[in-house]
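This briefing goes through one protein structure by topic. It begins with the whole chain and then turns to single residues.

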Amino acid sequence: MRDTLFRLAISLALLAFLFVGAPHPKAASRYSARRTGNVVQLEDASNHTVVSIATAVGNMAFSFAVNGTNVLHWPFTTIEEFAAKPAMSGVPFVGPWANRLDEQAFYANGKRYPFDMELGNVRGAIPIHGFLTTNPNWTLVEAKADAASAWSTARLDFYKQPGWMKQFPFAHSIEMTHRLREGVLEVTTTIHNLAAEPMPVAIGFHPYFRLVDSTRDEWTVSVGARTHWRLSPAKIPTGEIEPIEKLFPNPHAIALKDYDLDDVFSDLARDPSGRAAMSVKGRTQKIDVLFGPNWRSAVVWAPKPTPAAPDRQFICFEPMAGITDAMNLSQKGLYKELQSIAPGGTWRESFWIQPTGF
């Protein structure tokens, strides 16, 4: 009798696991992550969304397709064409500094670090966007999916490259995770400072967004910030600031046709969770970009189309750890929010891209 009851209990427990505890096949297959050569694809089948990442070209997300429509500006026809001659598009990472510097040097911990211009990885009188954007040295750590999301993590060991360390002599490694969940892409960046001194953080991203239900001149933009920085003719902040309303009378209903934007904002307006929001809206389509707390600044770049560049049907909401020229303006006492990582410490932050109406 006891053996019969015991076998019955085991059978009931097994049935409970199979019908209650085991993952439902449809739930388990909603998310997937697959790698084909140097491209990783993350899929959310329920939201008909696929994110494609070129691990060998800056670990750059180049497609965020919703119902077959790419919400990112990526002016290439094939991944081979892109890899052969890559250019800023999609969601590029920029570092070790984002945007411009006012001289061929940067300052950290009170010391000036001049660039070796003969190396060729830093160019121009106004060096811009560092030298990491399209490099092939990212290592794919994992590409996986579970019942809640699909994700890809890659690592860049900055300290292994002598030419990089010559220009920015702070040993560090960077991890970037793209995670697709509920139709939203989260991009998380983690920096580990392996140097013996504090490391300044001046990185950023330069995402290019587009809508296809309308033209640029029909788009309405919202910029969740309070402060606008006045720029020099070289697009470097002068140290002068003004309320955002001086530029946009209504920052949450900006008619893009009235502006040719390449502007720097700070004092981001945050919700209770600490996130700030930027958005662009067409007739029915909309893209929201949410910035975590350690993204302290944003550049909004939306140049008007010209006869020489008629394809400028995009807008960039750029998450930045600090304003343009943050390291050098901090040295001059004109910028007070420069972040740094203690020796052996870690910096981490996310931003989120949420398309609707596609």
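In this predicted model, buried residues make up 50% of the 358 residues in the protein; buried means under 20% relative accessible area, exposed over 50%, and partly exposed in between, with a 1.4 Å probe and protein chains only. The model is a prediction, with local features requiring pLDDT of at least 70 and side-chain atom pairs counted only at pLDDT 80 or more, while totals for chains, interfaces and linings use all residues. Residues are numbered from 1 along each chain as its sequence is written, and side-chain values use heavy atoms, with hydrogens and water left out.

**Overall build**

- The protein has five helices and 26 strands; these are DSSP runs numbered from the N terminus, helices being H or I of at least four residues and strands E of at least two.
- The radius of gyration of the protein is 23 Å, close to the 21 Å that the globule rule gives for 358 residues, so the protein is as compact as a globular protein of that length. The radius is taken over C-alpha atoms, and the rule is 2.2 Å times the number of residues to the power 0.38.
- The C-alpha trace spans about 90 × 50 × 45 Å along the principal axes of the protein.
- Of the contacts in the protein with a separation of 6 or more, 65% are between residues 24 or more positions apart; contact means heavy atoms within 4.5 Å.

**Surface and charge**

- The protein has 35 positive and 34 negative charges, and their mean positions are 3 Å apart. Lys and Arg count as positive and Asp and Glu as negative, leaving out His and the chain ends; each charge is placed at NZ of Lys, CZ of Arg, CG of Asp or CD of Glu.

**Nonpolar cores**

- In soluble globular proteins, nonpolar side chains tend to be buried together.
- The largest nonpolar core holds 74 residues, of which Phe-106, Val-223, Ile-287, Phe-291, Ile-315 and Phe-317 touch the most other members. Such a core is a set of buried Ala, Val, Leu, Ile, Met, Phe, Trp, Tyr and Cys residues joined through side-chain atoms within 4.5 Å.
- Another core, of ten residues, lies apart from the largest one, and its members include Met-320, Ala-326, Leu-329 and Tyr-335.
- Leaving aside neighbours within four places in sequence, Ile-315 has contacts that include Pro-207, Trp-219, Leu-256, Val-280 and Trp-301.

- Met-320 lies in strand 24 and counts as buried, at 0% relative accessibility.
- Beyond four places in sequence, Met-320 is in contact with residues including Ala-98, Asn-99, Ile-203, Trp-295 and Ser-297.
- Gly-322 sits in the loop between strand 24 (315–320) and helix 5 (326–331), and at 3% relative accessibility it counts as buried.
- With neighbours within four places set aside, Gly-322 is in contact with Ser-297 and Tyr-335.

**Backbone exceptions**

- Most residues other than glycine have a negative phi, and most peptide bonds are trans.
- Gly-95 and Pro-96 are joined by a cis peptide bond with omega about 5 degrees; Pro-96 is in the loop between strand 6 (93–94) and strand 7 (105–108).
- Asn-99 is in the loop between strand 6 and strand 7, has a positive phi near 65 degrees, and is buried at 4% relative accessibility.
- His-48 also has a positive phi, near 50 degrees. His-48 is in the loop between strand 2 (39–44) and strand 3 (49–54) and counts as exposed at 51% relative accessibility.

**Two further loop residues**

- Gln-285, in the loop between strand 21 (276–281) and strand 22 (286–291), is buried at 7% relative accessibility.
- Not counting residues up to four places away, Gln-285 touches residues including Leu-211, Asp-213, Thr-356 and Phe-358.
- Thr-215, in the loop between strand 15 (208–209) and strand 16 (220–223), is partly exposed, with a relative accessible area of 40%.
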